Amino acid sequence: MNADLLVVRALVLRALNEITRVPGAAIPGVLAPTIFMVGLASVFGKAADLPGFTSDDFLTFIVPVGLLQGAGFTGAATGVNLARDIEQGWFDRLLLCPAPRAALLTGIIASAGLRAMLPATFLFAVAMALGVDFPGLIGLLVAVPLVMGFACLMACWGVILALRFRSQQAAPLMQMGNFVAVLFSTSYAPKELLAGWLEVFATLNPVTLVLEGIRQGFVGDVTWGDTWPAFLALALLLAAFGGLAVRGLRRYGV
Amino acid sequence: MTRVVVALARRALVNAFRRPQFLAPLLIFPTLFLAVNTGGLNRTTDLPGFPEVDGFLDFQLAAAMTQSLLLGGVTAGIALALEIEGGFFDRLVASPIPRVAIVLGRLVAAGVLAAVQIVYFTVLGLAFGASIHGGVPGFLAILAIGMLAGMGFGAIGTTLALRARSASTVQGIFPLVFVILFVSSAFSPRDLLSSPADTIAKYNPLSYIADGMRDPVISSVSAAPLLEGLAAAGLVAAGGLAMSVAALRGRLRDA
């Protein structure tokens with residue numbers, strides 16, 4: 001196997017090891033999005049009765065929000081873990097090894113994509129148990145890479161902040177990015193039902209396209225028209241934030 | 001005793017304001033939530049059974065305050081846990097001061113911080129078009145319930161810190177804050193909650209705290225919600241204080 005790929009693999013395995021070695025640390029990240037989803041549905045469930053709502057079940061409508069939040073929490077946790085490694089000096093030792101920095105970054109970020117499957121699977125199982133309709137195989141095939149990609153995106157955001165602040169105290173900022181990106185979209189209601197200012201924000205927010213890409217299988221049929229904008233938006237966001245993360249890593253320690 | 005309590009409260013407040021990473025979640029997260037809830041679900045006021053309000057922001061203001069106060073309790077717990085981890089707590093215990101002052105100082109600080117939180121959300125609400133129908137007496141009622149509840153949540157956070165002795169464990173209860181909030185009438189009228197949240201909300205003191213703070217915003221000050229709010233906040237404060245003193249005694253016994 002290519003040496004760079006071996007580095008990526010080792011870093012991904014290290015991140016996955018943390019789940020089995022410190023399972024307690026993963027529990028809040030797994031539970032929180034599910035609690036949020038079920039709680040919101042019980043509090044605002046009647047909103048689905050409003051004229052113009054595109055689903056007759058609020059829980060079904062917000063499953064994609066929970067999936068993205070879980071991915072976002074995982075991405076932010078990747079940033080926090082990197083900040084911890086920087087604080088403890090482990091990351092400096094990692095930089096001394098003869099591996100390209102891009103490979104190190106890829107390993108850290110790719111691990112978030114895989115780890116995001118843990119909260120996503122749990123949340124999906126709870127949603128199914130509560131009566132949400134199966135989105136179909138195609139719906140899942142669209143949703144899974146979008147969720148994993150979003151986790152990588154939020155990991156890029158976390159890495160940028162970790163490299164900038166070099167402290168776990170930046171954790172709230174990492175979480176806030178996830179919060180704003182996911183919720184200031186069509187998370188709670190279709191665009192037509194949002195307040196004017198939020199409608200504008202949701203239209204400008206590219207994560208709205210990702211969210212709608214995941215949601216389509218849950219509330220209706222999967223269409224090419226809703227799929228390609230989601231993947232394009234995610235790819236552009238990943239390119240932009242990945243580029244910033246690479247720049248941050250190049251500047252680190254210089 | 002009073003001097004020690006005041007000194008410890010002041011120290012806790014200075015520490016809190018010196019660490020914006022602790023304070024930010026108390027204000028920023030509930031503010032973002034408030035914005036998303038009002039922007040995303042403003043049409044829910046059209047639903048049958050929704051009380052007469054000028055706008056959804058008026059209704060959600062008390063929810064943001066309640067959420068912020070609960071997070072304040074978690075933050076108070078984390079701050080104490082960090083002092084236990086860092087050894088400061090042990091030095092405090094070894095010093096010639098009444099030990100109950102250690103808990104009381106933290107609770108006074110939580111009460112003052114709660115006042116700051118209430119003022120912040122009131123100003124924010126007014127700036128974005130909400131109105132306090134109860135006027136100045138209404139605001140004072142909100143402040144009284146909020147401060148009492150803030151002290152109660154601070155006491156619960158303190159109890160957790162004394163029992164767990166680990167900041168990360170206390171931080172781990174963060175999702176629980178949302179569970180407690182979602183099974184109350186903080187975000188939505190009780191009649192519009194789904195089952196079983198509606199039933200649990202009836203017995204959840206948080207419902208009465210939120211409704212007590214909401215009533216002066218959406219209508220004039222009425223006796224029943226105000227007294228219920230004060231009673232629920234007082235219950236949380238008294239229970240929290242009793243638990244934290246018991247936890248302190250347990251910790252001293254183990255030391």
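Two residues are in contact if their C-beta atoms, placed from the backbone, lie within 7 Å. Among contacts in chain A between residues at least 6 apart in sequence, 81% join residues at least 24 apart. In chain B, residues 24 or more positions apart account for 80% of the contacts with a separation of 6 or more.

This is a predicted model, in which local features need pLDDT of at least 70, side-chain atom pairs count only at pLDDT 80 or more, and totals for chains, interfaces and linings use all residues. Residues are numbered from 1 along each chain as its sequence is written, while chains are lettered from A and ligands numbered from 1 in the order in which they are written.

## Confidence

The predictor gives the complex an ipTM of 0.83 and a pTM of 0.87. Per residue, its confidence is the pLDDT, which runs from 0 to 100. Chain B has a mean pLDDT of 89, and 99% of its residues reach 70 or more. Which helix of chain B has the lowest confidence? It is helix α7 (residues 167-171) of chain B, at a mean of 75. Helix α10 (residues 205-218) of chain B is the highest, at 95.

## The two chains

Helices (H or I, at least four residues) and strands (E, at least two) are DSSP runs, numbered from the N terminus. Chain A has 11 helices and zero strands. Chain B also comes to 11 helices and zero strands.

Burial is a count of neighbours. A residue is buried if 20 or more other C-beta atoms lie within 10 Å of its own, exposed if 12 or fewer, and partly exposed in between; these C-beta atoms are placed from the backbone.

| Chain | Residues | Buried | C-alpha box, roughly |
|---|---|---|---|
| Chain A | 254 residues | 52% | 60 × 35 × 35 Å |
| Chain B | 255 residues | 50% | 60 × 35 × 35 Å |

## Inside chain A

Start with helix α7 (residues 136-165) of chain A. The expected span of a helix is 1.5 Å times one less than its number of residues. The 30 residues of α7(A) should span 44 Å, and its end C-alpha atoms are 43 Å apart, which agrees. This helix is mostly covered: 21 of its 30 residues are buried. Just after α7(A), A:R166 takes a positive phi of about 55°.

A nonpolar core is a set of buried Ala, Val, Leu, Ile, Met, Phe, Trp, Tyr and Cys residues joined through C-beta atoms within 7 Å. The largest such core holds 171 residues. A:V147, A:F150, A:A151, A:C156, A:V159 and A:V210 touch the most other members. α7(A) gives the most to this core, with 18 residues. What does A:C156 touch? Not counting residues up to four places away in sequence, it touches A:I109, A:L238, A:F241, A:G242 and A:A245.

Helix α8 (residues 171-183) of chain A has 13 residues. From first C-alpha to last it reaches 18 Å, close to the 18 Å expected. Its buried residues include A:M174, A:F179 and A:L183.

## Where the chains meet

The contact takes 27 residues from chain B and 30 residues from chain A. On the chain B side, the elements that give two or more residues are α2 (20-40) and α8 (174-182) of chain B. α2(B) gives the most, with nine residues. By class, this side has 16 nonpolar, nine polar and two charged residues. Here Ala, Val, Leu, Ile, Met, Phe, Trp, Tyr, Cys and Pro count as nonpolar, Asp, Glu, Lys and Arg as charged, and the others, Gly among them, as polar.

A:L50 lies in the loop between α2 (23-44) and α3 (58-87) of chain A. Leaving aside its neighbours within four places in sequence, A:L50 is in contact with A:L193, B:R43, B:D46 and B:L47. Why does A:L50 count as partly exposed? Because it has 16 C-beta neighbours inside 10 Å.

Note on methods:
pLDDT = per-residue confidence, 0-100.
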